[in-house]
Amino acid sequence: MNRTDDRLLPVLLICAQALVWPGAELTRGAVPSAPDLLVAVLVAGPVTAALALRRSRPVATLILIAAACALGAGPLPTGALAVLGTAGVALALFTVATERDTFTAVLCVLALAVWQLLQGISLHGLSDRNGLDLVLTAVLYAVACGAGLLVRRTRRARRTAERQLKRAEAERHRLPATERRRMERELHDVSAHHLTAVVVTAGAALGLRDRRPELEGEALRFAVETGREVTRALGAVRAPAPSRDELPSPQERLRGLVEGFRRLGQPVDCDIDPLPDGAVADAAYGIVREALTNVARHAPGAHTTVLCRYGDTRTDVVVTSAAPPAGAAAHGAGLGGGRGQGFLRSRAREAGGTLHTGPTPDGGWEVRAVLPGRTAAPPERSVPRTYRLAQVTAAVGLVLQPLLPVLVIRPETTSNDGTQVSAGVLFALLAAAQAVALLWLRRTPRVSYGVLIGLALLWPVAMATGEYTGPVVLPPALSMLATCTALAADAARTAAGSTPAGDRPRMPRPFLPVAVIAAVVVHAAAVIGAVLDRGTTVPVWAVVVSAAAGVSLVVGAARWGGALRGRRDRVDRGRQEERLATWTEEAVRDAWAERRRIAAGLETTVLARTADMVEQAQAGRLDATAERAREALAAMRALLDTVRDGEGVGEGETGPELRPQPTLQALDLLAHQCRATGRSVEIRLTGRVPERLPTEVDLAAYHAAETVLATGGEQPAVLELDADDDTLTLTATGVPDAAGPAVRERLAARVAVLGGTLTTGPPGTVVLRLPLTPVQQEADQADQAEQVDHADEVRER
């Protein structure tokens, strides 16, 4: 809501209060006294002003409204502040639940309810035998708090989804550049170590051919071995195996950084959790590097601790240095440019986190960053225990305030024979029991529904035992509130189509119709019993039909409302997963196209010349071997220059309109992109999977893996590929949404073309089997034919 809405709602409450009182009194011809009007204005003014500021100061607003309404309720007539005292307090409590944490919201509800109970006891004693107003007020407070907590959770989930999508969008642009840098580094290593060694060795052997002829044979053998190693290494560069970690992990990078500062004489201790690749890991590395650099400049020799904790909702990066040792000279104090603190904060801000720096009590310095965690949730500040203790102390003080008049004024003795229990007490106990049953709904749904339905039968008994004289339909309606809440929550989870992480399975479907029918029958019987016990002139059949129809309508509305919310959540989650899958697909395809463009340059330049080098070395031609090695090295350097300039290689073959389709060799890119957005994904490739797969099987397996991972979720996922003589098996675990109808339909369409099968095992597990035998035999026959042709060519030579 914007600022205009914040101001409009309190005005509407004041208008509603004015219509109730004094508007109703004026329509009956009774003019309120001037003191009453003055008190009402003095109460309504602060309440309206406080409600307008409820989002910035929700707890203070709640206290002010409750105190103002309590002070005004004394001199004013009964019901004069009904709207402000109920709707105003409920609105303030709703705002506390949406803007503050759960502990604060629950503490406010309990303190407010107990405070109102003690205030009633101090004013009226224990002689009030109905007490239904207290039960209704408690239910209103609980509903307002629950609605606020639900809205807060929804907003938090929406913000988390937005952050996750932002991280995916950022990683979509990072992945192709990361792949280009990886290949550039690998190509440089190959050229610097392998081809250069061949050129140097061959040149030395040629220079010493007359004096040491044995070096020629060694150089030729070295050229053959190195050429084969170059071919193997470049093959790994073109398409790394999914199970291989080609790059050092963020944890290894951080440990290497710490080790480098140790070699400079800095005593550094570290405790670093594994981090996924991505913006968070890069930010953590940059923050630690800058913090350690500052320590080396300004406090050389100071003992430093590096702590990196990667959690579900936040990542904590803390670098703490002690005071520098006495006599240590800070030789690098003047080398900095004064931009270190701004750099640290910008790195944390770009990753979606916060950073704080400051001195420690022992004279050292601390850098503390809070970055997004595994679920990409916004980082939350931890609340100190002293603050919680202060909250509880303030709540206890406010709760005991109504008892102060009892210490000064002796209450009037009331007659009570001690044999009658108030209906309000019975109602409060029943409402508390239903609330406890709702808390256990997800753990034990059958028991919870049984308790709720059983307690519904006790409300008419409580009405008769407590001699309740209020509205006859109100107690059964309060009983239905808990049951309808349970039915709506179950309908929402069912319609959403997924079980949140950590939740137990939903209620079994065969039990659901039984629970709905039982709820309608029991609550209708409770209403019928209460009405007939009170006595009515309406025919019995009309009471039965009306009660059954009304209860059925309310239960159906609860189920429909819950299902509507669940469907809306499912649509929102589907849109998020679709956007995330689209961006992941684009990132992988761009990175794969970058890999294929560079690979095309390798095929036509370096690999071709390396193969010629090996062939010349096997033929014993050292001069030609050295020449081919120089040509391969020159081609490698030219390719490196092209890669550094960001220009595409082989654009004619892999232009934007003809981007190559990724295969299983691109699973490392897919896993990298998923890990960068906050989800842990592991790819396992057994040794039985052939290096060459049929093209259609390769493409189908990759697209199936992409479809499974696109279902989203926060729990870790594992993709394992295995093969036997005639079947490629892809097993995905940790994907609970992959068993949904829409995903199963897409996967079935993938495997049906090849005659494969799709099965779902335990929850969150999907198994796909693709046949290999017919097409693999064709590939083997093609390999055999190629070998025969090569043998014929050798014989001709």
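How many salt bridges does the count come to? The count comes to 16 salt bridges, a salt bridge being a side-chain nitrogen of Lys or Arg within 4 Å of a carboxyl oxygen of Asp or Glu. This is a predicted model, in which local features need pLDDT of at least 70 and side-chain atom pairs count only at pLDDT 80 or more, while totals for chains, interfaces and linings use all residues. Residues are numbered from 1 along each chain as its sequence is written, and side-chain values use heavy atoms, with hydrogens and water left out.

**Confidence**

- The protein chain has an average pLDDT of 76, and 80% of the residues score at least 70; pLDDT is the predictor's confidence in each residue, from 0 to 100.
- Confidence is highest in strand β2 (residues 304-310), at a mean of 92, and lowest in helix α12 (residues 404-408), at 48.
- Helices (H or I, at least four residues) and strands (E, at least two) are DSSP runs, numbered from the N terminus.
- Over residues 329-338 pLDDT stays under 50, and the model has nine contacts beyond four places in sequence for this stretch; contact means heavy atoms within 4.5 Å.
- Over residues 406-419 pLDDT also stays under 50, with two contacts beyond four places in sequence.

**Salt bridges**

- R253 and D282 meet through their side chains in a salt bridge, at 3.5 Å from N to O.
- Because R253 lies in helix α8 (residues 250-263) and D282 in helix α9 (residues 279-298), this pair ties together parts that are 29 residues apart in sequence.
- R253 is partly exposed, with a relative accessible area of 33%, and D282 is partly exposed as well, at 21%; buried means under 20% relative accessible area, exposed over 50%, and partly exposed in between (1.4 Å probe, protein chains only).
- R559 and D490 form a salt bridge whose closest N and O atoms are 3.6 Å apart.
- This pair links distant parts of the chain, with R559 in helix α18 (residues 540-618) and D490 in helix α16 (residues 474-496), 69 residues apart.
- Both R559 and D490 are buried.
- A network of salt bridges links R55, E99 and R155.

**The β4-β5 hairpin**

- Strand β4 (residues 354-359) and strand β5 (residues 365-372) pair in the antiparallel sense over six bridges; two strands pair if DSSP finds at least two bridges between them.
- The two strands, β4 and β5, form a hairpin with five residues between them, and G363 in the turn has a positive phi of about 95 degrees.
- H356 has R368 as its bridge partner in β5.
- R368 also forms a salt bridge with E366, the closest N and O atoms being 3.5 Å apart.
- R368 is partly exposed at 36% relative accessibility, and E366 is partly exposed at 23%.

**The five-stranded sheet**

- Five strands form an open sheet in the order β6-β7-β8-β10-β9, with mixed pairing.
- β6 and β9 (757-760) are the edge strands, each pairing on one side only.
- On average, neighbouring strands of this sheet are turned by 15 degrees against each other, direction ignored; axes are lines fitted to C-alpha atoms, for helices over the stretch in contact, and angles run from 0 to 180 degrees between N-to-C directions.
- β8 and β10 pair in the antiparallel sense over seven bridges, and T731 has V767 as its bridge partner in β10.
- Helix α20 lies across β6 and β7, running at about 160 degrees to β6.

**Nonpolar cores and a buried serine**

- In the largest nonpolar core, which has 41 residues, L664, L667, L728, L747 and L768 touch the most other members; a nonpolar core is a set of buried Ala, Val, Leu, Ile, Met, Phe, Trp, Tyr and Cys residues joined through side-chain atoms within 4.5 Å.
- Elements that each supply at least two residues of this core include α18, α20 (667-676), β8 (727-733) and α22 (741-752).
- α21 gives the largest share of this core, eight residues.
- L728 touches several residues beyond four places in sequence, among them L664, V697, L721 and L768.
- Another core, of 35 residues, lies apart from it and includes L430, V520, I528 and V555.
- S448, in helix α14 (residues 445-456), is buried at 3% relative accessibility.
- S448 touches A437, W440 and L441, not counting residues up to four places away in sequence.
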